[in-house]
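Here is a short briefing for a first look. Keep the sequence and the 3D view side by side as you read.

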Number of protein chains: 2
Amino acid sequence: MNSQNKPPRVVIIGCGFGGLEAVRALSRAELEITLVDRTNHHLFQPLLYQVATAGLSAPAVSAPIRHVLRRQMKRGNLTVLQAEATGIDAAQRRVLLDGGEALPYDHLIVAAGATHSYFGHDDWAAAAPGLKTLADAFDVRARVIGAFERAERCASEDERAPWMTFVVIGAGPTGVEMAGTLSEMAQHTLPMEFRRIDSKRTKVVLIEGSDRVLGAFVPRLSQRAREQLTQLGVDVRTDCRVTGIDAEGVDYESRESGRPTTHRLASKTVIWAAGVAGSPLGRALAATSGAALDRAGRVVVEPDLSVPGHPEISVIGDLAAARSHGPGEPQPVPGVSPAAKQMGRSAAANLLRRLRGQPTRPFRYIDYGSLATIGRKAAVVDLTVPVVGAIRFSGLAAWLFWLFAHIYFLIGFRNRLIVMIDWAWAYWTYQRHARVVAQPPAAMEHAS
Amino acid sequence: MNSQNKPPRVVIIGCGFGGLEAVRALSRAELEITLVDRTNHHLFQPLLYQVATAGLSAPAVSAPIRHVLRRQMKRGNLTVLQAEATGIDAAQRRVLLDGGEALPYDHLIVAAGATHSYFGHDDWAAAAPGLKTLADAFDVRARVIGAFERAERCASEDERAPWMTFVVIGAGPTGVEMAGTLSEMAQHTLPMEFRRIDSKRTKVVLIEGSDRVLGAFVPRLSQRAREQLTQLGVDVRTDCRVTGIDAEGVDYESRESGRPTTHRLASKTVIWAAGVAGSPLGRALAATSGAALDRAGRVVVEPDLSVPGHPEISVIGDLAAARSHGPGEPQPVPGVSPAAKQMGRSAAANLLRRLRGQPTRPFRYIDYGSLATIGRKAAVVDLTVPVVGAIRFSGLAAWLFWLFAHIYFLIGFRNRLIVMIDWAWAYWTYQRHARVVAQPPAAMEHAS
């Protein structure tokens, strides 16, 4: 279909950190790029928990894709379509869209990301929403704010307790951030504005399957994070495996004291931060291309991020089971935003190399370190500095570092300004300004 | 039930302009006040169209009720409940809540507001949402932004045209604001960020049943408003009666040229700004108290805003069919926010007078004038200044006056600051920052 005179057609699916970076890296190339995303915005996921806990408004952590890429569109090598990619036809080189259209490509970059995984218990989803999209964040916000409102209406302490118990499952960065912030809200922001709620009765429980929080960090920082969580009032329970979730609470099995004991936590508000799996589009790609998926549903890729047997297709970001090819043994690439961005740049560079008839290069992940915040004035930082080595710190300094790093990486000057004002405001007043709820929670029965 | 020693129990339903003002006016009284609202926020409705057109984020035009009233709650005479009042039992003096609870009162102020009225055509609601709540605004935002996205995906101009035609029904202040802002978006904000959309093909049609826009203003200002709308590119059609609305467009009958002609406008995005009716709670109150409702479902009240035969119940704001008792004949009170606030203060003052055994006073509405904005640098202002008389102006000066008046009346210093920054930003960049859509429109079939 494509003649020699027309520029090669590139389709990029997904405008998260990986997809956006790939589009930008191809900004000056003579190509006909089509970017497909099912939403109209690029989302800065590291701050999504702030939308869920009413600290920031949705527009502060997201930016319209068309606005972010307006200059590139004006230069003329990019079309943006808001559409859901429902399938891929690798033989015919076409992406299928929800409206029935087929989008032909010469090169395809799949950056469709990840979704929650309930480890086979999809029935837990209604009672324990995850946090991946703006809609998820609004849902969690409505549940959290709604729980306090319901608690204020209860006639007895017994009836009130499950509304004032919040359970966060999974102590990775998102779970730790959610638990710390919920505890702050419960203790500082909300109780002074209620008549019947006793702030001492609010419980925030963080349940983790492994033996420590923030498992991706070194044990010393995990320990510091746990101490900071405890100081904020979070009840941290490691070595606990969740066995059931329903609208009234959570069942789990604890091995904290050695032999397993079973427990039940009565809670009306449960947040899932435990498992992620590759987007369903990974399965569609595997079916059509013969690629393998790993246990988490991610596409196993070649060293140059392409799909085996399909050099014209690359998979990047959370959907890719990729390895970093640095010195020494190849290492698995973590599912973090800097890795997605680096994969985006690498896939774009390899695409251009292929067009020039040059060999592609293997992907190498450069780890600059990790940050996680726990709450007001509490965070852990683990930096990898060339020559110097690792720099690790926690507490107030780490929190300030976290703050400015996140503002720096936000997309758009306007968002940086607004987030800075919002945070300064929240810091002095303990107020969370975005505490307005327009829609009821997604699972209506939950709030009844 | 109430002994002489306990403070009288006051229930106030609704925390719009009227209810909030009543609560505040009773702030220092020795009462036991319960404020019931089905949402958790006070909404600054005059700026809701900005949320719908993505100029402002939801938290910028709303404030958590608990935060707004935190000092009064701390002083101890106020409890706030987020609950839906489903009925009133005037004989037993109880308000019935959605959870089945009954809230006893000695005095009741009903400020439940208004809802859209489709003049008996409730089937129009799915295709033509109104604009009363934050949920409505998100719905309209998703439809407007979504329409441009769909237009970009269309293969032909014919298919594209209905997605690029926006119809606003009703040319009161909300309709005029929506039409003007949509036209601005269509011409300045969006087309430069699309590849296939031709901005000249965007149509914004404003349909009005009477012979002029902004019928509440003097004819000269209506004429100026119409000119400003036309300059912004809005197609204004007065003397037109809508006869049908469905997912594909609007049928109407025009008398512009004298004899009636019928027309069909193909449009995927229709916004209803034509009719309002009293909240359904008005019917419940009428049934239990014997009060009369007017044609718009508003409760006909005594000169002191009480319900006939029930001096312990007052109705205020958009739910009240009230008259102003100034010098001369009693005049109907318009459904505007200053009137609601004044009714709130009047009902509160009469309540205190009754408690002191004093006679109540008739309500008198003091009209300070009206403002309406049309779009960028365009507005009309009609002020009533004591001694001086009427001051009327339009254009840029009116727009600046409108701007600062609205910022002044916003609740909360933080919101004032954020709205000021947002507007300055939008003014210089033509950008509408809140263009992110989390949820699909309420009527899913609409977007299909």
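Helices (H or I, at least four residues) and strands (E, at least two) are DSSP runs, numbered from the N terminus. On that basis, chain A has 13 helices and 27 strands. The model is predicted: local features need pLDDT of at least 70, side-chain atom pairs count only at pLDDT 80 or more, and totals for chains, interfaces and linings use all residues. Residues are numbered from 1 along each chain as its sequence is written, while chains are lettered from A and ligands numbered from 1 in the order in which they are written.

**Overall form of chain A**
- Chain A has a radius of gyration of 23 Å, close to the 22 Å of the globule rule for 448 residues, so it is as compact as a globular protein of that length.
- That radius is taken over C-alpha atoms, and the rule is 2.2 Å times the number of residues to the power 0.38.
- The C-alpha trace of chain A spans about 75 × 50 × 45 Å along its principal axes.
- Of the 448 residues in chain A, 53% are buried.
- Buried means that 20 or more other C-beta atoms lie within 10 Å of a residue's own, exposed means 12 or fewer, and partly exposed is in between; C-beta atoms are placed from the backbone.

**Where chain A meets chain B**
- In this interface, 37 residues of chain A are in contact with 37 residues of chain B.
- Contact means that the C-beta atoms of two residues, placed from the backbone, lie within 7 Å.
- Helix 5 of chain A gives the most to the side of chain A that touches chain B, with seven residues.

**Domains of chain A**
- Chain A is divided into domain 1 (9-116 + 277-355) and domain 2 (122-274 + 419-447).
- These bounds come from an automatic or database domain assignment.
- The C-alpha centres of domain 1 and domain 2 of chain A lie 31 Å apart.
- Their contact takes 16 residues from domain 1 of chain A and 23 residues from domain 2 of chain A.

**A buried strand in chain B**
- Five of the five residues of strand 11 (residues 165-169) of chain B are buried, so this strand is largely enclosed by the rest of the structure.
- B:T165, B:V167 and B:I169 point one way, and B:F166 and B:V168 the other way.
- Strands pair if DSSP finds at least two bridges between them.
- Strand 11 of chain B runs parallel to strand 12 (residues 203-207) of chain B, joined by five bridges.
- Four bridges join strand 11 of chain B to strand 17 (residues 269-272) of chain B, also parallel.
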